[in-house]
Amino acid sequence: MPFVIASALCLGLMAAMSWDVLATGWVGGGGAVLTVVGLASVAEAVVLARAHVSRFVFGVALPVLALATIVPLTASGMPAAPGQRPGTFIAHYLSAALTGVTSTQAWTFEVGLGTALFVCGSWLAWLAVREHRGVLAVMPIFVVLAIDVVNASTPESMVLPEGLCVGLALAVIAAAHRESLGAGWVAGRITPLGKLGWRFGGGACLVAVGLTVTALILPPASSADFTAWLSSFGRNGVQHGLGASGGAETIGFASTVNLGGALVSHPKPVLTYTTDEGASAYLSVVADTDFDRGNWYLSATGSSPGGYTWTGLQYAGDQLPRDTNPADGGIGKDEQTVRAHIVMTASDTGPEQFALFTGEPEGVNLPGVAFGVVNTASPFALLTVDSVQFIADAGAEASTLQTTSLVSTATATQLSAAGTDYPAWTQQYIELNDDSTRGAEAIRSLAQAWTSGLVDPYSQAMAIEAHLRDPTLFHYTLDPPADPGNRVWPLVYFLTVSHRGYCQYFASAMGAMLRSLGIPTRLMSGYGPGTAQDLIKPIPGVNQQVVTTSDAHTWVEAYFPGYGWIPFEPTPPSAQGDYQPFARGAAAITQQVPPPPLATPSPGIRPGIRKPVTDQGSPTDTTTSGVATELIVVTVLGILFAVIVAVLLWFLLPRSVSGAWRRLETLGAISGVDRRTSETHQAFAARLGRARPRASTALSGFATLAARDAFSAAGASANERAIALRAWRRALCFMSVPR
C-alpha cells in the first residue's frame with residue numbers, strides 16, 4: 001500500500017509539472033504529448049522499481065523506453081528532409097532528444113523538451129519508489145520550476161501549478177522517507193505501532209499544505225530584481241516572426257530582408273491597436289523594393305528610369321502628400337478606407353519611428369516624412385508610399401497614432417482580368433539583378449516551371465503562393481539550414497535544396513519569382529495581426545489586439561493595373577504562426593485576418609508541379625510519410641518488446657525470498673494448483689511437485705528455505721537466501737519443461 005501512495009504522488013507531481021511547463025509557454029501546441037510523456041515515464045519507472053531490477057538494468061532500459069514513448073507521439077510532426085532514410089530519421093531523433101531544448105525549431109524543441117520531462121519523471125519515480133530518497137528525487141523538478149519562473153511571460157498564470165508542484169514534492173519527500181523508515185524497521189526486526197503510517201502521512205500532508213500556503217502568501221524577502229540577470233539564462237517559447245540580419249538573432253522588426261541564420265524568440269510588447277471595423281489586420285511598416293542576391297532593401301533616394309524619382313516628402317499631419325488620381329496608377333479603384341488607432345508601447349521599429357498602416361498608407365495624425373516614388377513633372381505628390389517616418393511627441397512614453405489606409409476590395413476575377421499594362425513608374429519594381437552564380441536565372445527557371453500554362457499575373461501569383469504553402473514541399477522553421485559551401489544565394493539554396501525557412505525566406509522567394517516573370521513586386525515588412533486582448537488578460541470594455549516583437553512578419557505585395565498593390569501570403573501555417581491567404585473582395589475589409597483556404601481552388605488556377613525542381617531540373621522528393629509509418633510500426637513493436645522484457649525481468653529476478661515465493665504461488669495458479677489458505681510451504685510445494693515431477697526436488701528445497709525466512713526468529717542467513725533464490729530458478733527451469 002505505501003508504494004501505491006508514493007507512485008500516485010509521483011504521477012500527480014509529474015502532471016502538475018507538465019501543467020507548469022505548458023503555462024510557461026514553451027510550446028504553442030503539443031501539450032497533450034508532453035503530459036503523456038511525463039506520466040508514462042513515471043509509470044514505466046515504477047514498474048522497473050517494483051521489479052527490483054538493478055540500477056544498471058534501469059540505466060540501460062531508460063533510453064529504450066524514452067524513444068519507445070516519445071517517437072510514436074511526435075513522428076507525425078517531424079519535418080521532412082530530402083532523401084531521408086530510416087537511419088537518418090533515427091539519427092535526427094537522437095540529435096533532437098539530446099540538443100532539442102536549445103533549438104529554435106518547433107518539432108526539435110518539442111522532442112528535446114519531451115526527453116527532459118521523461119528523464120525527470122523516471123528519476124523522480126525510481127528515487128522515490130525504489131531508492132526511498134525523496135529530496136534527491138524532487139531536485140530536478142525544482143530545477144525545472146525555477147527555469148519556468150524565469151521564462152514565464154505571464155508569471156501570474158503559474159501560481160497554481162507551481163504551488164501544486166511544491167506541495168506534492170513535499171508529500172513525495174515524506175512518502176519516500178516513510179518507506180525508508182519502514183525498510184529500516186523490517187531489517188531491524190522492529191514491529192511498528194498500528195496506524196503509524198497513516199499518522200505519519202497525515203502529519204506530513206499538513207506540513208506540506210502549510211508550507212505551500214505560507215510560501216504563496218508571504219511577500220518576497222528582498223526587493224532586489226534578479227529577473228534581468230536570470231533571464232539571460234532562459235529561453236522563451238518559440239513564436240513566429242521575423243529576424244534582423246544573419247546569425248542567431250532575436251525575432252523583431254527589421255527594415256530590410258536579409259536572409260540569415262537561426263532566430264530565437266523573446267517576445268516583448270510593442271503596441272496595441274484597434275480598427276474601425278473591429279477586425280484584426282496585418283500592420284505594414286516599410287516596403288523593401290531593391291533586390292540584391294536574394295535580399296531586399298529600402299530604396300535609396302535618386303532617379304529612376306522614365307523620369308521618376310524615389311524621394312521623401314515632408315507633411316504636416318493627417319493627409320499624406322500622395323497622388324490620388326487613379327489614372328496615374330498610385331491609387332486603384334475598388335478600395336475602401338480603414339482607420340486604425342495604434343498605441344506604440346515600445347519602439348521596436350528602431351530610431352526611425354516608422355508609422356504603421358493596415359493597408360496602402362493614406363494619412364497619419366503626426367507630422368513626419370513620407371517616402372516613395374514621384375514623377376519629376378509633379379515632385380510634390382507621391383505615386384506610391386513605401387514608408388512613413390513620424391515625429392514622436394517629445395518626452396512621451398508611448399506614441400498614439402491615428403492612421404488611415406486603403407484596402408483593396410477587388411475580387412479574384414477582377415485581378416485575373418487586370419492585364420499587364422503597368423505604369424512606367426513600376427519599372428524599378430521588376431528589377432532582378434543577377435551575378436556570376438546565376439541565382440536570378442535559377443529563380444526564373446523555377447518560376448516558369450511552377451506557372452507553366454498560366455498566362456495572367458494573378459493566376460501565376462496564386463500558383464507560386466500555393467506552391468510555397470504546400471506542406472509536402474516546404475516547411476517553416478526558425479533554424480534554416482545553410483549552403484555548406486556558400487556557393488549559391490541563401491534564397492536559391494532554400495528553393496532548390498533545403499525547402500526550409502522562416503517568413504523572410506518565403507516572402508523573398510515569392511517576390512523574386514514574381515519579378516522574374518515581369519510582375520512589379522515589393523516586400524512588405526511589419527507585424528502580423530497579434531493576439532486579442534481577451535485571450536491574454538480580459539479587460540472590461542477593451543477590445544484591442546496586442547502585438548509583440550515575435551509578431552514581426554514579412555509578406556509580398558504585387559502590383560495590378562487599375563487596382564494598385566495587392567498583398568499575398570506565401571508563408572505556410574505552422575506552430576509559429578497560423579498564416580492564411582489574404583481574403584479578396586468585401587471580406588478583405590470585414591475580416592482582414594485571412595480566412596482558412598477554400599477546399600477547392602479558384603477556377604483557372606492550379607498550384608503547378610507537385611515537386612520543387614532543382615537547378616538541374618530534377619524533382620526532389622521531400623515527403624517522409626513512408627518512413628514515418630515504418631518507424632511508428634517499429635516503435636510500437638519496440639514498446640511491446642520492452643513491456644515483455646520488463647515483466648520477465650521482474651518475474652525472473654526477485655530480490656527477496658518472499659518475492660520469489662509469491663511468484664511461485666503465481667506460477668501454481670497458472671498451472672491450476674492454487675495454494676490453500678491453511679497450507680504450509682512444504683505441503684504446497686509437494687502438491688505442486690506432483691503436478692510438475694521434474695521440479696519436485698528443487699521445489700522442496702526452496703520451500704524449506706522460504707519457510708525458514710518467513711517464520712524463523714533469526715530469519716534466513718544471507719547464504720541461505722542466495723541458495724533459496726538459486727533453488728527458485730532451478731525449479732522455474734524444471735517447471736517450464738513439458739511433462
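1. In helix H13, the residues Leu-491, Val-492, Tyr-493, Phe-494, Leu-495, Thr-496 and Ser-498 are buried, where buried means under 20% relative accessible area, exposed means over 50%, and partly exposed covers what lies in between, with a 1.4 Å probe and protein chains only. H13 spans residues 490–498, and because seven of its nine residues are buried, the helix is largely enclosed by the rest of the structure. The cover over these buried residues includes strand S5 (290–292), helix H11 (439–450), helix H12 (457–469), strand S16 (500–501) and helix H14 (503–516). Just after H13, His-499 takes a positive phi of about 55 degrees.

2. A word on the basis of these notes: this is a predicted model, in which local features need pLDDT of at least 70 and side-chain atom pairs count only at pLDDT 80 or more, while totals for chains, interfaces and linings use all residues. Residues are numbered from 1 along each chain as its sequence is written, and side-chain values use heavy atoms, with hydrogens and water left out.

3. For the chain as a whole, there are 21 helices and 21 strands, these being DSSP runs numbered from the N terminus, with helices (H or I) of at least four residues and strands (E) of at least two. Of the 739 residues of the protein chain, 50% count as buried. Among contacts with a separation of 6 or more, 75% are accounted for by residues 24 or more positions apart, contact meaning heavy atoms within 4.5 Å.

4. Two loop residues can be set side by side. Thr-451 lies in the loop between H11 and H12, and at 4% relative accessibility Thr-451 counts as buried; leaving aside residues up to four places away in sequence, Thr-451 touches Gln-460, Ala-463, Ile-464 and Leu-517. Gly-306, in the loop between strand S7 (302–304) and strand S8 (308–315), is exposed, with a relative accessible area of 65%. Gly-306 and Ala-424 are 118 residues apart in sequence, yet their C-alpha atoms are 6.5 Å apart in space.

5. Strand S17 (residues 521–527) has seven of its seven residues buried, so S17 is largely enclosed by the rest of the structure. S17 pairs in the antiparallel sense with strand S4 (residues 283–288) over five bridges, two strands being paired if DSSP finds at least two bridges between them; in this pairing Ser-284 stands opposite Gly-526. S17 is also joined to S20 by seven bridges, again running antiparallel, and here Leu-523 stands opposite Val-556.

6. Strand S20 (residues 552–560) pairs with S21 in the antiparallel sense over five bridges, and the bridge partner of Val-556 in S21 is Phe-568. S20 and S21 form a hairpin with three residues between them, and Gly-562 in the turn has a positive phi of about 90 degrees. Strand S21 (residues 564–568) is mostly covered, with four of its five residues buried.

7. Which residues make the contact between H18 and H21? The axes of helix H18 (residues 657–670) and helix H21 (residues 718–735) come within 10 Å and cross at roughly 20 degrees, the axes being lines fitted to C-alpha atoms over the stretch in contact and the angles running from 0 to 180 degrees between N-to-C directions. The contact is made by Val-657, Ala-660, Arg-663, Leu-664 and Leu-667 of H18 and by Arg-721, Ala-724, Leu-725, Trp-728, Leu-732 and Met-735 of H21.

8. Helix H19 (residues 681–691) and helix H20 (residues 696–711) pack at an angle of about 160 degrees, with their axes 8 Å apart. That makes H19 roughly antiparallel to H20, given that angles under 35 degrees count as roughly parallel, over 145 as roughly antiparallel, 65 to 115 as roughly perpendicular and the rest as oblique.
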